[in-house]
Amino acid sequence: MGFFDKALKKVQDVGENIAASANNVKTVVETSVQDTMEITGLKRQIRELEKEMDAQYLQIGKKYAEFVADMDDAEPETAENEAAEAETTEATESSEVIDEVKEEAIDEVKAEAAAETVDEAKEEAADETIDEVKAEDTAETIDEEKEVSEEPAEDKVAEESDEDEEPVFDVSDFLTIIKQDQAKKKELENQLAEVEKRAKQNTLLREKTKAEESFEQEKGVLDKALAMEIISKEEYEQKLNIARKKVENFEEIKKIEQQFEMGIITKEEKDEKINAILNA
């Protein structure tokens, strides 16, 4: 095979290698786009859940403010209830006094009737009958006054029972929704962590694929130069060995570059470490 035939064969091989590398890069790039879209979608869902939970927390705050306001409004009612109780007690005491007066009035009438002689009793029978009627009328009047004095008190007690209901601070519905949203958010965060981990691995793979592509291109140039006898076999092997080590030690070299980017090492230290790996 002549010189130009060898050179042409090397160029064809290089072209095939570059085409294969391009297909690999395309696959990795498509995977990267898919990961990015999935990460974006998960983050959007998490933000929506956080907004929903914030809305529920706002409703709880509003509910609490209304509860406090209701409690403040209930305090004057308590004072009114105490006044009503005092009126009821006063009415009861008045009723007891009225009963005592009634009994004393009847006892006095009976005592006067017993103290009189039989003759006087006959003569004054009509008068006594009238007095008894008056006493009974007085008693009935006292009973009626007692009933009237007690009726408002009973009404007030009934009103108190209706007004005794205190405001209730119930936010169980809001808390149920928040709990459900928190569970969904936790699940989405776990999914996001898995996708981000996979995306990081894919990014590393994509960079390694680029390094392999760069190696193939560099090897193609070296093969062409060797075929054209531009470089010696020894130079070819030396340069190809360095290019190969860039791929074989890709992850270690990547860590050294990250150390430099984070300011952990200087540029001189970075170059020194990388050269030590490539020339080992």
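How many residues apart in helix 7 are lysine 267 and aspartate 271? They are four residues apart, a separation of about one helical turn.

## Basis of the model

This is a predicted model, in which local features need pLDDT of at least 70 and side-chain atom pairs count only at pLDDT 80 or more, while totals for chains, interfaces and linings use all residues. Residues are numbered from 1 along each chain as its sequence is written, and side-chain values use heavy atoms, with hydrogens and water left out.

Helices are DSSP runs (H or I, at least four residues), numbered from the N terminus.

## Salt bridges

The structure holds nine salt bridges, each defined as a side-chain nitrogen of Lys or Arg within 4 Å of a carboxyl oxygen of Asp or Glu. One of them joins arginine 198 to glutamate 38, with an N to O distance of 2.9 Å. Arginine 198 belongs to helix 4 and glutamate 38 to helix 1 (residues 3-115), so this pair ties together parts that are 160 residues apart in sequence. Relative accessible area is described here as buried (under 20%), exposed (over 50%) or partly exposed (in between), using a 1.4 Å probe and protein chains only. Arginine 198 is partly exposed at 34%, and glutamate 38 is partly exposed at 32%. A network of salt bridges links Asp35, Glu38 and Arg198.

Glutamate 207 and lysine 254 form another salt bridge, their closest N and O atoms being 2.9 Å apart. Glutamate 207 lies in helix 4 and lysine 254 in helix 6 (residues 250-261), so the pair ties together parts that are 47 residues apart in sequence. Glutamate 207 is partly exposed, at 25%, whereas lysine 254 is buried, at 19%. Within helix 7 (residues 267-278), lysine 267 forms a salt bridge with aspartate 271, the closest N and O atoms being 3.1 Å apart. Lysine 267 is partly exposed at 46% relative accessibility, and aspartate 271 is partly exposed at 28%.

## Helix 6 against helix 7

The axes of helix 6 and helix 7 come within 9 Å and cross at roughly 175°. Axes are lines fitted to C-alpha atoms, for helices over the stretch in contact, with angles from 0 to 180 degrees between N-to-C directions. The two helices are therefore roughly antiparallel, a term for angles over 145 degrees.

Contact means heavy atoms within 4.5 Å. On the helix 6 side, the residues are Glu252, Ile253, Ile256, Glu257, Gln259 and Phe260, and they meet Lys267, Lys270, Lys273, Ile274, Ile277 and Leu278 in helix 7. The residues of this contact divide into six nonpolar, one polar and five charged. Here Ala, Val, Leu, Ile, Met, Phe, Trp, Tyr, Cys and Pro count as nonpolar, Asp, Glu, Lys and Arg as charged, and the others, Gly among them, as polar.

Helix 5 has 16 residues and spans 22 Å from its first C-alpha to its last, close to the 22 Å expected at 1.5 Å a residue; the expected span is 1.5 Å times one less than the number of residues. Tyr236, Leu240, Ala243, Lys245 and Val247 are buried in this helix. The cover over the buried residues of helix 5 includes helix 4, helix 6 and helix 7.

Glutamate 229 sits in the loop between helix 4 (172-227) and helix 5 (233-248). Glutamate 229 is exposed, at 68% relative accessibility. Its phi is positive, about 60°, although it is not a glycine. Most residues other than glycine have a negative phi.

Methods:
Parallel < 35°, antiparallel > 145°, perpendicular 65-115°, else oblique.
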